[in-house]
Protein chains: 4
Amino acid sequence: MGTTASLLLHCPDRQGIVTEITNFISVNHGNIVYTDQYVDRINGVLFMRLEWELEGFTIPRDQIKEYFRTLFAAKFEMEFGLYFSDVKPRMALFVSRQNHCLFDILARYTAGEWDVEIPCIVSNHEDLRPVAERFGIPYYCFPVTRANRDELEPQEMALLDELGVNFIVLAKYMQVISPEMIARYPHNIINIHHSFLPAFVGAKPYHQAFERGVKIIGATSHYVTEDLDAGPIIEQDVIRITHKDTPETLVYRGKDLEKIVLSRAVLKHIERKILTYNNKTVIFA
Amino acid sequence: MGTTASLLLHCPDRQGIVTEITNFISVNHGNIVYTDQYVDRINGVLFMRLEWELEGFTIPRDQIKEYFRTLFAAKFEMEFGLYFSDVKPRMALFVSRQNHCLFDILARYTAGEWDVEIPCIVSNHEDLRPVAERFGIPYYCFPVTRANRDELEPQEMALLDELGVNFIVLAKYMQVISPEMIARYPHNIINIHHSFLPAFVGAKPYHQAFERGVKIIGATSHYVTEDLDAGPIIEQDVIRITHKDTPETLVYRGKDLEKIVLSRAVLKHIERKILTYNNKTVIFA
Amino acid sequence: MGTTASLLLHCPDRQGIVTEITNFISVNHGNIVYTDQYVDRINGVLFMRLEWELEGFTIPRDQIKEYFRTLFAAKFEMEFGLYFSDVKPRMALFVSRQNHCLFDILARYTAGEWDVEIPCIVSNHEDLRPVAERFGIPYYCFPVTRANRDELEPQEMALLDELGVNFIVLAKYMQVISPEMIARYPHNIINIHHSFLPAFVGAKPYHQAFERGVKIIGATSHYVTEDLDAGPIIEQDVIRITHKDTPETLVYRGKDLEKIVLSRAVLKHIERKILTYNNKTVIFA
Amino acid sequence: MGTTASLLLHCPDRQGIVTEITNFISVNHGNIVYTDQYVDRINGVLFMRLEWELEGFTIPRDQIKEYFRTLFAAKFEMEFGLYFSDVKPRMALFVSRQNHCLFDILARYTAGEWDVEIPCIVSNHEDLRPVAERFGIPYYCFPVTRANRDELEPQEMALLDELGVNFIVLAKYMQVISPEMIARYPHNIINIHHSFLPAFVGAKPYHQAFERGVKIIGATSHYVTEDLDAGPIIEQDVIRITHKDTPETLVYRGKDLEKIVLSRAVLKHIERKILTYNNKTVIFA
């Protein structure tokens, strides 16, 4: 398959929108290779993802966005994003001391499984620098604390700007991100929380789970918003535990959940198959 | 297999307890058919379940409890329960208007799957009387409300006493049980909550789950304690959902979870394979 | 929502088909309330499900099928089905001696959960007649064996014809259906097999699973075709087991899987959300 | 906790064995920190795992095995293994070209999660040498084919001998191991098969799964025996798929299953919590 364009949109649902848009692509000789749509009938919102091959498409690539805005977006009160398959998104990894999510992501990256660039790993500790070096990825240490965050975060953001970063993955970055940074990457910061949210918000969820005596534990990946652990959920998964598990075995077993759940969410984000609305996600297959 | 005795116990862990107890059974010619034990090394507590055939056992059945108390319970600061396989526990079903858990339990009962008696179905509504009649089980309606609970619950308890009820299953009984009734049946009232506790405590958990945009929903069966939805968890299970689910589909799909999770918990209780400790359960296989 | 029409179709994928069909509905003032489509790009096949309100639709209900055939089906080499929401499908239940699937289905039916009629329960044994009577559903016993099948099955089919049965659910009917009967109800006979197909085809799958020492067991609902246990799979689910499980506990625990998996499949069939192609199913959400 | 000894045993079940053995440890001042047992009542076999602290134990460490053999093994027709917690098992990794299982294992190894040594990675291809170098583990390439296997495998075995390897993990080693090598490491070669065995034995299981139209795929780790894909199963897990999945997405999604399922099995093996019997495994918690 050649280069494709992907369109992700949502708007108030009205008869004929899908027809108009697919017509628009077809009339201009775009070969549609993916189409999926979903109508939230409770809120009356249409969500759509469309992908077509650029070869033979009669509208020049750099004018598609403008055309689309003029013809449809205003008319249908639409929010949309346009992406090209030959432009790899650039992802920054934020880590602290735990390495399981980092290894999992770097292994996929090294194997070429994901269509993404990783220009940097950012951390508040030096611990994982050897891992970054092993994989040949630049490692930047900003020893962020609550006290100096206002000073260091702007430096981090300057670095991310300079490196052309599009989105951030908090791969067990055990710090709270400032509202300023969140505002700079709206629905472009992905976190992994080591519980089945909204159960066990906050610190030490495995210990909370042990205390409560649950029979199943989980992990949740979500977009970061200003409300701690309360952003749109992208993916969750769980495993069964028993009375024989201790906080330590929960931590160990939970790591496998965390890395898989985070990596599933990141892939969906890279593939541009996630739409957010009302603090929730629509995930296309 | 002939009639068996089952012993469920927990006590501070000390070297040699298991040996002493299994010796006691063996020396008295009891053929052990089940033994399972678990040591909580964090709290230093031993949990044990032992089952042996009564045929040939040299201690008369009605003296086993006294022997055991004298020989071991005081010495090891032990709490224990003794059960005989030919004495079926008597279970009261409490229901309101929803029938899926009730049907599931009655189907198992009718099929002879469970070693239990159901002397009564108790409800605060008349709705499910026809179901009870269909299965030939006495149905008692006490139109309990917050206002008249203090008056009606004693009548309910008198009925349960009269019918020799050992434990209560709240099969979607949408009322809060009074502390008095809970105290009368300590860790003998099983509830099903339609969420993955501790997420979505309280009313309308499926609507809460929909609002939060979770990707997995669950159900939880637990013993009722004075703290609402906070008693020892017996069993949980989950299913994946998507953005396409509505509160209505969650309710529908959740019903299957609820009935299966509740029935698994009830079976474990009937089999006397649950020990409670520190607001948690130890579940033997 | 008023009465709706549902269209289920598949055809070789070509640009513009979806547009043409949704246009056709819209132009004739049909309010579309559901649309889902899927393109199998390996085989180049488009699958689509469309549902719209009949109120205000300008084509008379009894002419829609003909219009659709003339305008689209021939042109696009399309296979399609048209269903109206106020016409309840009529389902025959076939059972033998086990009652768990039967109870599960009848409980849903009694609770009004499914938009279906059950005009009869058919069995080769008398065992479950009391259950049918309890739920007020006519019970017909045909003591079918391998020897007399050729004689009795025509009588069964005559009964089904007379009762206007549209599809058959084998709710633990432990007999092989003849090719003639299968041909009479193509992809309209749903079976539940008590294993994770294609593992453990044939008899006594739980015993086979026990012998093999698997750590997970499953159940599979599928359409019946001439190849035993090899028809299009509709739904599967699994549970974890351990070395402590015996064939007996597997049978017990498997029953819960079987009834849930079968009921999920039947609901999808009733909702007309299943398309079959190449011995597989496309299941719409 | 100090150094411990672990005993894994199975024998024909007889009254009093557990008592005798725990007495033996206690009398000799061993502090038992783990005990689990399971009786297969169908075959009349007792399985037991016992772990105690060596400090203060009155039998010298190098004589425990002999004592145990003399006192119990012959008497009870027992097979047993004795392991010390300060002796790390030595694991050889066999790989071909796929790296996901390798990365997963090396990440855990690097993080110090497992109590194991990895003295070598063995492959029939050069592809993964850079990964081995990145993690600083010696990499040996034996370009084994069906034709030269008889010649090269003895060299491999000589290397494993020299490196003191105790067990082998086939981390996507796409070759069949010879009966000679299997005999050299009985129940000490762990394989990961990319299907839910016994479904889809042999080559290209994801393609087989796609062809069959299953709704769930799985992965299975098992000990290698002479029968291909038929050895004792250690661990299995599954994920749901849909009609939208292609062989390619199954391969991608299956990799996460494979690496987690393999790593769970390897950990259990390292912890000495697996007993094999009748081509099945008993897995202690």
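**View 1. Strands β5 and β8 of chain A in the predicted model.** Strand β5 (residues 90-95) and strand β8 (residues 167-170) of chain A run parallel and are joined by 4 bridges. A:Leu93 has A:Val169 in β8(A) as its bridge partner. Strands are DSSP runs of E with at least two residues, helices are runs of H or I with at least four residues, and both are numbered from the N terminus. Two strands are taken as paired if DSSP finds at least two bridges between them. This is a predicted model, in which local features need pLDDT of at least 70, side-chain atom pairs count only at pLDDT 80 or more, and totals for chains, interfaces and linings use all residues. Residues are numbered from 1 along each chain as its sequence is written, chains are lettered from A and ligands numbered from 1 in the order in which they are written, and side-chain values use heavy atoms, with hydrogens and water left out.

**View 2. The open sheet of chain A.** The order of the 7 strands is β7-β6-β5-β8-β9-β10-β11, with mixed pairing. β7 (139-141) and β11 (233-240) of chain A each have a single partner strand and stand at the edges, so one side of each lacks a neighbour in the sheet. From one strand to the next, the twist averages 20 degrees (axes are lines fitted to C-alpha atoms, and angles run from 0 to 180 degrees between N-to-C directions).

**View 3. The interface of chain D and chain A.** Contact (heavy atoms within 4.5 Å) involves 22 residues of chain D and 22 residues of chain A. The two chains bury about 1900 Å² between them, 53% of it on carbon and sulfur atoms; buried area is the accessible area (1.4 Å probe) lost on being put together, summed over both parts. D:Glu113, D:Arg134 and D:Tyr252 supply 29% of the area that chain D buries against chain A, more than any other three residues.

**View 4. Salt bridges between chain D and chain A.** The interface holds 8 salt bridges (a side-chain nitrogen of Lys or Arg within 4 Å of a carboxyl oxygen of Asp or Glu). One salt bridge joins the side chains of A:Lys255 and D:Glu113 (3.5 Å, N to O). α3 (100-110) and α8 (247-270) of chain D each supply at least two residues of the side that touches chain A, and α8(D) gives the most, with 7 residues.
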